[in-house]
Amino acid sequence: KIDASDSEVAYSGQEVLSFTETMSGITCSTKAFLGERGLYIYTYVDDPNVYYSAERQFYENDSVEYYIDPNPEYSNTLEHLKSKNYVRTECVQLRINVMGDSQTWYGRRIGSETSYPWSPGYFAHVVSAEVHGNINEQNGANGYSIEVFVPYYEMQLSSVPEQVGILVAFN
(Lines give C-alpha, C1' and ligand atoms only; values in the text may rest on other atoms or scores of the structure.)
Protein backbone atom coordinates (compact mmCIF):
# COMPACT_ATOMS: atom_id res chain seq x y z
CA LYS A 1 0.00 0.00 0.00
CA ILE A 2 1.52 3.30 -1.11
CA ASP A 3 0.15 5.90 1.32
CA ALA A 4 2.97 8.35 2.18
CA SER A 5 3.52 6.49 5.43
CA ASP A 6 6.27 4.23 6.73
CA SER A 7 3.88 2.25 8.93
CA GLU A 8 4.09 -0.87 6.73
CA VAL A 9 5.86 -3.81 8.39
CA ALA A 10 8.42 -3.95 5.57
CA TYR A 11 9.85 -0.55 6.60
CA SER A 12 10.21 -1.69 10.21
CA GLY A 13 13.86 -2.14 11.06
CA GLN A 14 15.09 -0.59 7.81
CA GLU A 15 18.05 1.74 8.14
CA VAL A 16 17.14 5.43 8.01
CA LEU A 17 19.44 7.56 5.87
CA SER A 18 19.24 11.24 6.82
CA PHE A 19 20.94 14.45 5.85
CA THR A 20 20.42 18.04 6.95
CA GLU A 21 20.70 21.04 4.65
CA THR A 22 22.96 23.38 6.58
CA MET A 23 21.45 26.74 5.56
CA SER A 24 17.85 25.89 6.45
CA GLY A 25 18.36 23.16 9.04
CA ILE A 26 15.80 21.02 7.20
CA THR A 27 16.40 17.27 7.53
CA CYS A 28 15.45 14.69 4.91
CA SER A 29 15.12 11.08 6.15
CA THR A 30 14.65 8.10 3.84
CA LYS A 31 13.95 4.37 4.18
CA ALA A 32 13.80 1.86 1.33
CA PHE A 33 13.23 -1.83 0.82
CA LEU A 34 13.38 -4.31 -2.02
CA GLY A 35 9.99 -5.95 -2.38
CA GLU A 36 9.04 -8.96 -4.46
CA ARG A 37 8.00 -6.86 -7.48
CA GLY A 38 9.82 -3.57 -7.03
CA LEU A 39 11.55 -0.92 -4.99
CA TYR A 40 9.71 0.96 -2.23
CA ILE A 41 11.04 4.28 -0.94
CA TYR A 42 9.68 6.48 1.84
CA THR A 43 10.97 9.97 2.64
CA TYR A 44 10.06 12.48 5.35
CA VAL A 45 11.23 16.10 5.09
CA ASP A 46 10.83 18.15 8.29
CA ASP A 47 10.24 21.44 6.48
CA PRO A 48 7.92 23.80 8.45
CA ASN A 49 7.32 25.95 5.34
CA VAL A 50 5.82 23.80 2.60
CA TYR A 51 5.07 25.67 -0.61
CA TYR A 52 3.37 24.75 -3.87
CA SER A 53 2.15 26.77 -6.84
CA ALA A 54 1.09 25.40 -10.22
CA GLU A 55 2.64 28.50 -11.81
CA ARG A 56 6.13 27.59 -10.62
CA GLN A 57 8.59 25.23 -12.30
CA PHE A 58 8.33 21.71 -10.89
CA TYR A 59 11.68 21.92 -9.09
CA GLU A 60 10.77 25.30 -7.55
CA ASN A 61 8.05 23.68 -5.44
CA ASP A 62 8.74 21.59 -2.36
CA SER A 63 9.60 18.17 -3.74
CA VAL A 64 11.83 15.11 -3.46
CA GLU A 65 14.04 13.65 -6.17
CA TYR A 66 15.24 10.05 -6.35
CA TYR A 67 18.11 8.97 -8.58
CA ILE A 68 18.05 5.17 -8.76
CA ASP A 69 20.91 2.98 -10.03
CA PRO A 70 19.82 -0.67 -10.27
CA ASN A 71 23.42 -1.87 -10.62
CA PRO A 72 25.62 0.19 -8.29
CA GLU A 73 28.47 -2.33 -8.31
CA TYR A 74 28.87 -1.87 -12.08
CA SER A 75 28.87 1.92 -11.60
CA ASN A 76 32.17 1.62 -9.72
CA THR A 77 33.96 -0.57 -12.27
CA LEU A 78 36.82 0.69 -14.39
CA GLU A 79 34.90 -0.32 -17.55
CA HIS A 80 32.01 1.89 -16.55
CA LEU A 81 34.11 4.82 -15.39
CA LYS A 82 36.19 4.86 -18.61
CA SER A 83 33.24 4.63 -21.02
CA LYS A 84 32.54 7.74 -23.10
CA ASN A 85 29.12 9.11 -24.03
CA TYR A 86 27.45 5.99 -22.74
CA VAL A 87 23.90 6.40 -21.43
CA ARG A 88 22.59 3.88 -18.94
CA THR A 89 18.86 3.71 -19.59
CA GLU A 90 18.26 1.33 -16.69
CA CYS A 91 18.97 4.22 -14.31
CA VAL A 92 15.82 6.17 -13.46
CA GLN A 93 15.01 9.48 -11.80
CA LEU A 94 11.75 10.54 -10.18
CA ARG A 95 10.73 14.00 -9.05
CA ILE A 96 7.70 14.09 -6.76
CA ASN A 97 6.15 17.25 -5.36
CA VAL A 98 4.06 17.69 -2.22
CA MET A 99 0.83 17.40 -4.23
CA GLY A 100 1.86 13.93 -5.45
CA ASP A 101 2.59 15.06 -9.01
CA SER A 102 5.61 13.36 -10.53
CA GLN A 103 8.08 13.59 -13.38
CA THR A 104 10.11 10.62 -14.58
CA TRP A 105 13.45 10.52 -16.39
CA TYR A 106 15.73 7.87 -17.91
CA GLY A 107 19.45 7.63 -18.38
CA ARG A 108 22.70 8.50 -16.76
CA ARG A 109 25.43 9.68 -19.08
CA ILE A 110 28.94 8.55 -18.40
CA GLY A 111 31.98 10.09 -20.03
CA SER A 112 32.84 13.59 -21.15
CA GLU A 113 29.52 14.67 -22.64
CA THR A 114 28.38 17.98 -21.15
CA SER A 115 24.66 17.88 -21.95
CA TYR A 116 22.13 17.04 -19.25
CA PRO A 117 22.32 13.25 -18.88
CA TRP A 118 18.68 12.52 -18.10
CA SER A 119 15.90 12.35 -20.69
CA PRO A 120 12.23 12.76 -19.77
CA GLY A 121 10.19 9.65 -20.37
CA TYR A 122 7.27 8.02 -18.60
CA PHE A 123 7.70 4.79 -16.70
CA ALA A 124 5.31 2.96 -14.39
CA HIS A 125 5.38 3.97 -10.73
CA VAL A 126 2.98 4.60 -7.86
CA VAL A 127 3.27 7.74 -5.72
CA SER A 128 1.67 9.15 -2.60
CA ALA A 129 2.39 12.46 -0.88
CA GLU A 130 1.12 14.01 2.33
CA VAL A 131 1.73 17.42 3.88
CA HIS A 132 1.59 17.35 7.67
CA GLY A 133 -0.10 20.70 8.22
CA ASN A 134 -0.83 23.59 5.89
CA ILE A 135 0.63 24.46 2.49
CA ASN A 136 1.74 28.02 1.65
CA GLU A 137 1.64 29.19 5.28
CA GLN A 138 4.73 30.39 7.14
CA ASN A 139 5.58 27.74 9.78
CA GLY A 140 2.25 26.07 9.01
CA ALA A 141 3.51 22.52 8.50
CA ASN A 142 5.29 19.77 10.36
CA GLY A 143 6.94 18.59 7.16
CA TYR A 144 5.82 16.30 4.37
CA SER A 145 6.09 12.64 3.39
CA ILE A 146 6.58 11.02 -0.01
CA GLU A 147 6.32 7.32 -0.81
CA VAL A 148 6.97 5.69 -4.18
CA PHE A 149 6.98 2.22 -5.72
CA VAL A 150 9.01 1.50 -8.88
CA PRO A 151 8.62 -1.95 -10.50
CA TYR A 152 11.87 -3.76 -11.21
CA TYR A 153 11.09 -4.12 -14.91
CA GLU A 154 11.31 -0.33 -15.27
CA MET A 155 14.95 -0.60 -14.16
CA GLN A 156 15.50 -3.47 -16.64
CA LEU A 157 15.67 -6.01 -13.81
CA SER A 158 14.00 -9.42 -14.08
CA SER A 159 14.38 -10.40 -10.42
CA VAL A 160 14.94 -8.93 -6.98
CA PRO A 161 18.44 -7.42 -6.92
CA GLU A 162 20.80 -7.73 -3.96
CA GLN A 163 21.00 -3.94 -3.81
CA VAL A 164 20.20 -0.74 -5.67
CA GLY A 165 21.81 2.66 -5.37
CA ILE A 166 19.56 5.56 -4.36
CA LEU A 167 20.51 9.22 -4.18
CA VAL A 168 17.88 11.40 -2.52
CA ALA A 169 17.55 15.18 -2.86
CA PHE A 170 14.88 17.68 -1.84
CA ASN A 171 13.90 21.11 -3.08
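The points below go from the whole chain to single residues.

1. Basis of the notes. This is a predicted model, in which local features need pLDDT of at least 70 and side-chain atom pairs count only at pLDDT 80 or more, while totals for chains, interfaces and linings use all residues. Residues are numbered from 1 along each chain as its sequence is written, and side-chain values use heavy atoms, with hydrogens and water left out.

2. Secondary structure. The chain has two helices and twelve strands; helices (H or I, at least four residues) and strands (E, at least two) are DSSP runs, numbered from the N terminus. In sequence order the pattern is β-β-β-β-α-α-β-β-β-β-β-β-β-β. The radius of gyration of the chain is 17 Å, close to the 16 Å from the globule rule for 171 residues, so the chain is as compact as a globular protein of that length. That radius is taken over C-alpha atoms, and the globule rule is 2.2 Å times the number of residues to the power 0.38. Along the principal axes, the C-alpha atoms fill a box of roughly 50 × 40 × 30 Å.

3. Of the 171 residues, 45% count as buried. Buried means under 20% relative accessible area, exposed means over 50%, and partly exposed lies in between (1.4 Å probe, protein chains only). Among contacts in the chain with a separation of 6 or more, 60% come from residues 24 or more positions apart; contact means heavy atoms within 4.5 Å.

4. Surface and charge. The chain exposes about 9200 Å², and carbon and sulfur atoms supply 48% of this area. Areas come from the Shrake-Rupley method with a 1.4 Å probe; for residues, only the protein chains shown count as cover. There are 10 positive and 23 negative charges, and their mean positions are 9 Å apart. Lys and Arg count as positive and Asp and Glu as negative, with His and the chain ends not counted. Each charge is placed at NZ of Lys, CZ of Arg, CG of Asp or CD of Glu.

5. Largest nonpolar core. A nonpolar core is a set of buried Ala, Val, Leu, Ile, Met, Phe, Trp, Tyr and Cys residues joined through side-chain atoms within 4.5 Å. The largest has 25 residues, of which Val64, Tyr66, Ile68, Leu94 and Tyr144 touch the most other members. At least two residues of this core come from each of strand 3 (38-45), strand 4 (63-69), strand 6 (92-97), strand 11 (141-151) and strand 12 (165-170). Strand 11 gives the most, with five residues. Leaving aside neighbours within four places in sequence, the contacts of Leu94 include Val64, Tyr66, Ile68, Phe123, Val148 and Val150.

6. Second core and Phe149. A second, separate core of six residues includes Ile2, Tyr11, Phe33 and Phe149. Phe149 is in strand 11 and is buried, with a relative accessible area of 7%. Apart from neighbours within four places in sequence, Phe149 is in contact with Ile2, Arg37, Gly38, Leu39, Tyr40, His125 and Val126.

7. Ala141 and Gly133. Ala141 is also in strand 11 and is buried at 6% relative accessible area. Neighbours within four places aside, Ala141 is in contact with Asp47, Pro48, Val50, Val131, His132, Gly133 and Asn134. Asn49 is 92 residues from Ala141 in sequence, yet their C-alpha atoms are 6.0 Å apart.

8. Positive phi. Which residues other than glycine deserve a look here? Ala4 has phi near 60°, and Asn139 has phi of about 55°. Ala4 sits in the segment before strand 1 (17-20) and is buried at 3% relative accessibility. Asn139 lies in the loop between strand 10 (126-133) and strand 11 and is exposed at 54%.

9. Gln163. This residue is in the loop between strand 11 and strand 12 and is partly exposed at 37% relative accessibility. Leaving aside neighbours within four places, Gln163 is in contact with Leu34, Pro70, Pro72 and Glu73.
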